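Please read these notes with the structure open beside you.

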Amino acid sequence: MGESSITRRGLMLVLSSPSGAGKTTISREILKEDDNLILSVSATTRPKRPGERHGVDYHFVNDAEFEAMVEKGELLEHARVFERRYGTPRKPVEEALNAGRDVLFDIDWQGTQQLSGKMPKDLVRVFILPPSQEELERRLHTRAQDSTEVVKSRMAKAADEMSHWDAYDYIIVNQQLERSVEQVRAVLTAERLRRERLLGLEDFVHRLRTTG
Ligand SMILES: Nc1nc2c(ncn2[C@@H]2O[C@H](COP(=O)(O)OP(=O)(O)O)[C@@H](O)[C@H]2O)c(=O)[nH]1
Ligand SMILES: Nc1ncnc2c1ncn2[C@@H]1O[C@H](COP(=O)(O)OP(=O)(O)O)[C@@H](O)[C@H]1O
């Protein structure tokens, strides 16, 4: 039996949420069990939290280094969040997509908006909401790596961030973690089958229809 000759361009799976809703936790679960999905590691000027690793969680850079990346056009998108700068390195993304690999982005609504303008066909946008305001606050405290002051400022911003839900294709309320993870997987499974992403389909069907 021959293999089907259908291949596919990679897709860009964007996960956004107000800080603390659970997107980092969900991303890690998805990445663990998906060989064709890689994480886009952003550059940021924010300080490293305990447990975070340079080049794995973020590329931790200073303001001058970040500005140099912007100047050289090395970032696909960039934005300011909580007074810090964040951006997506372009090269790894382009290489992955061309190789048929999918890329997961943990970026905010500003970055999503920029990518929507640049690469609308490759983009699948998922917005994650907390089940309630109380639970969001509880999760921010549980994470316990930010000062009370930072938690307060993040709660204040959450209301603003959540107003951008309508710029996303899929909305997931992260109540039970396992269920949310399943839901993101379902989106990924379906989006991978979209006709527009498939390459070599005409030839494949032509051969299926040719007798002899
Ligand atoms: N536009 C943009 N946003 C990013 C990027 N990397 C991270 N973010 C967003 O910046 C915000 C703060 O991220 P972080 O400091 O890691 O705190 P978190 O809220 O615990 O994830 C989150 O909303 C991220 O999605 C990026 O490369 N571009
Ligand atoms: N479904 C869930 N139920 C309970 N706690 C959760 C759930 N999802 C995430 N958390 C917890 O909430 C906190 C914030 O999650 P995190 O993934 O860091 O959020 P984000 O990346 O959106 O800022 C973490 O302590 C995490 O373990």
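1. Ala21 counts as buried because it has 27 C-beta neighbours inside 10 Å; a residue is buried if 20 or more other C-beta atoms, placed from the backbone, lie within 10 Å of its own, exposed if 12 or fewer, and partly exposed in between. Ala21 sits in the loop between β2 and α1. Helices (H or I, at least four residues) and strands (E, at least two) are DSSP runs, numbered from the N terminus. Leaving out residues up to four places away in sequence, Ala21 touches Ile128, Leu129, Pro130, Leu136 and Asn174; contact means C-beta atoms, placed from the backbone, within 7 Å.

2. This is a predicted model, in which local features need pLDDT of at least 70 and side-chain atom pairs count only at pLDDT 80 or more, while totals for chains, interfaces and linings use all residues. Residues are numbered from 1 along each chain as its sequence is written, and chains are lettered from A and ligands numbered from 1 in the order in which they are written.

3. Ser19 lies in the loop between β2 (12-16) and α1 (23-32). Ser19 counts as buried because it has 22 C-beta neighbours inside 10 Å. Not counting residues up to four places away in sequence, its contacts are Leu140, Arg154 and Ala158.

4. An unreviewed UniProt entry places the feature "binding site" at Ser17, Pro18, Ser19, Gly20, Ala21, Gly22, Lys23 and Thr24. UniProt positions are given in the numbering used here, feature names are shortened, and annotations may be inferred rather than shown by experiment.

5. Which residues come nearest to ligand 2? Of the 15 around it, they are Gly22, Thr24, Thr25, Arg139 and Leu177; a residue is near if its C-beta atom, placed from the backbone, lies within 6 Å. The elements giving two or more residues to this shell are α1, α5 (133-143) and α7 (177-191).

6. The largest nonpolar core has 26 residues, and Met12, Leu13, Val14, Leu15, Phe105, Val126 and Ile128 have the most contacts inside it. Such a core is a set of buried Ala, Val, Leu, Ile, Met, Phe, Trp, Tyr and Cys residues joined through C-beta atoms within 7 Å. Elements that give it two or more residues include β2, β8 (102-106) and α5.

7. β8 is largely enclosed by the rest of the structure, because five of its five residues are buried. β2 and β8 pair in the parallel sense over four bridges, where pairing needs at least two bridges found by DSSP. Val14 stands opposite Phe105 in β8.

Terms used: Two residues are in contact if their C-beta atoms, placed from the backbone, lie within 7 Å.
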